[in-house]
Amino acid sequence: MTVVIAGAAETDELGRLPGHSTMQLHLEAARNALADASMTKGDIDGIATVGTPGPIQIAHALGITPAWLDGTGVGGSSFLFHVRHAAAAIRAGLCRTVLITHGESGRSRVGAGRYGTGPDSLIGQFELPYGVAGPTTSFTITALRYMKETGLTHEQLAEVAVAQRRWAHLNPRALYRDLITVDDVLASRMVAYPFHLLECCLVTDGGGALIVTSEELSRRPPVYLLGSGESAESPIISQMEDFTTSKAFRLSGEAAFAEAKIGHDDVDHLMVYDAFAHVPIYGLEDLGFVGRGEAGAFIAEGHTSPGGRLPLNTNGGGLSYTHTGMYGMFAIQESVRQLRGEAAAQVPGAEVGVVLGNGGMFASAATLVLANRLP
């Protein structure tokens, strides 16, 4: 059975939305995705989401009695897992059409709980006592080791933010659109060495939703799911096998490329979760687009920027477009737009796209290979 993304849409607005609860963000995104797919809630018999509210609450709010639910929560990559799991469920006959929703009041924190780490958790026991708490300080461990071993410079790291701002400059929905230089990045305040402010993701409110179904049930030209993969490494960053590469990135990417039966030269468009500036560097190398230690120069030479040979994070990414806390939904949304020919900064002739999602601090990963035609 051929599985497709038949609908994809975000909330009406992204950014600072203090008048929206988390539930409102989910439901607004769901409404927009249903309209995009020319479907109604009566067509939906599967629900997937992560966090609170969960899939039962979403189904109840929409008036849907689902035959299949998925509440997989593995960080920002969860929505890529949901697409993969929905495809398996549809092929197995467990459901016919799945609605995947995301809503997060990451900036305004409307109804959100307080951040905190229990002292009995792995982080609380083995990392927090040494000052490692949260993404900013956790990700520095990997970035600094990578810089030491490969020779990545501060200027090359800054080029990631510069390249993605070039895409955001072309996107009216991007939160930050003004063009920036390497000097601008390095002059922005230091958040946690080596990360300057412009090398850290945004914190926003917003949401998005997807509708996954069979090609036969799609009511508009679909985006095909050619392949997918998922993996996980360690729940705490200190236990990674190697701080300079993500095992989960590598394994999920290998599985997705193998299932899709594609090579790197077939890829027209790439979305790599970019919570911090070094994550796209890992993505380029761990997916095999460039060799070890080559990604920094590859980006600095303009290959991922508008007009480059491997367009990367073309909505502006988590660094410039939006980042609610779990960014994976927005990476999928942009890939769908590109393959439909509807993106604000459209890549000419884009037919095959790859989406790589990160969850936690390199804890989980999933990869999707999408296309606007079957091979």
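**Exercise 1. The largest cavity**

How many nonpolar, polar and charged residues does the lining of the largest cavity have, by class? Work it out for this predicted model.

*Solution.* 

1. Start with what there is to find: the structure holds one cavity of 30 Å³ or more.
2. Note the volume next. The largest cavity has about 30 Å³ of space.
3. List the lining, which is made up of V160, A163, Q164, W167, P280, I299, T304 and L312.
4. Look for the main contributor: helix 6 (residues 154-168) gives the most to this lining, with four residues.
5. Now sort by class. The lining of the largest cavity has six nonpolar, two polar and no charged residues.

**Exercise 2. The second largest pocket**

Describe the second largest pocket by its volume, the residues closest to its centre and the classes of its lining.

*Solution.* 

1. The volume of the second largest pocket is about 240 Å³.
2. The pocket is lined by 18 residues, and E10, R173, Y321, R337 and E342 are the closest to its centre.
3. Turn to the elements: strand 1 (3-10) and helix 12 (328-340) are those that give two or more residues to the lining.
4. Helix 12 supplies the largest share of the lining, five residues.
5. Sorted by class, the lining of the second largest pocket has seven nonpolar, three polar and eight charged residues.

**Exercise 3. Helix 3 against helix 12**

Helix 12 returns here with a packing partner, helix 3. Explain why helix 3 and helix 12 are described as oblique to each other, then characterise their contact.

*Solution.* 

1. For helix 3 (residues 78-91) and helix 12, the axes come within 7 Å and cross at roughly 60 degrees.
2. Apply the cut-offs: under 35 degrees counts as roughly parallel, over 145 as roughly antiparallel and 65 to 115 as roughly perpendicular, with the rest oblique.
3. Helix 3 and helix 12 are therefore oblique to each other.
4. The contact is made by F79, L80 and V83 of helix 3 together with G328, M329 and I332 of helix 12.
5. By class, this contact of helix 3 with helix 12 has five nonpolar, one polar and no charged residues.

**Exercise 4. Helix 5 against helix 9**

Find the packing geometry of helix 5 and helix 9, the handedness of their crossing and the residues that make the contact.

*Solution.* 

1. Helix 5 (residues 135-150) and helix 9 (residues 279-286) have axes 11 Å apart, at an angle of about 60 degrees.
2. With the cut-offs used above, helix 5 and helix 9 are therefore oblique to each other.
3. The crossing in which helix 5 passes helix 9 is left-handed.
4. Helix 5 brings F139, T142, A143 and Y146 to the contact, while helix 9 brings V279, I281, Y282 and E285.
5. The classes in this contact of helix 5 with helix 9 are six nonpolar, one polar and one charged.

Notes
Residues are numbered from 1 along each chain as its sequence is written. This is a predicted model: local features need pLDDT of at least 70, side-chain atom pairs count only at pLDDT 80 or more; totals for chains, interfaces and linings use all residues. Side-chain values use heavy atoms; hydrogens and water are left out. Axes are lines fitted to C-alpha atoms, for helices over the stretch in contact, and angles run from 0 to 180 degrees between N-to-C directions. A crossing is left-handed if the near helix is turned anticlockwise from the far one by less than a right angle, and right-handed if clockwise. Contact means heavy atoms within 4.5 Å. Ala, Val, Leu, Ile, Met, Phe, Trp, Tyr, Cys and Pro count as nonpolar, Asp, Glu, Lys and Arg as charged, and the others, Gly among them, as polar. On a 1 Å grid over the protein atoms alone, a cavity is a set of points where a 1.4 Å probe fits but cannot get out, and a pocket is an open set with protein on both sides within 12 Å along at least five of seven lines; lining residues have an atom within 4 Å of a point. Grid points are joined across faces, edges and corners, and a volume is the space filled by probe spheres set on the points.
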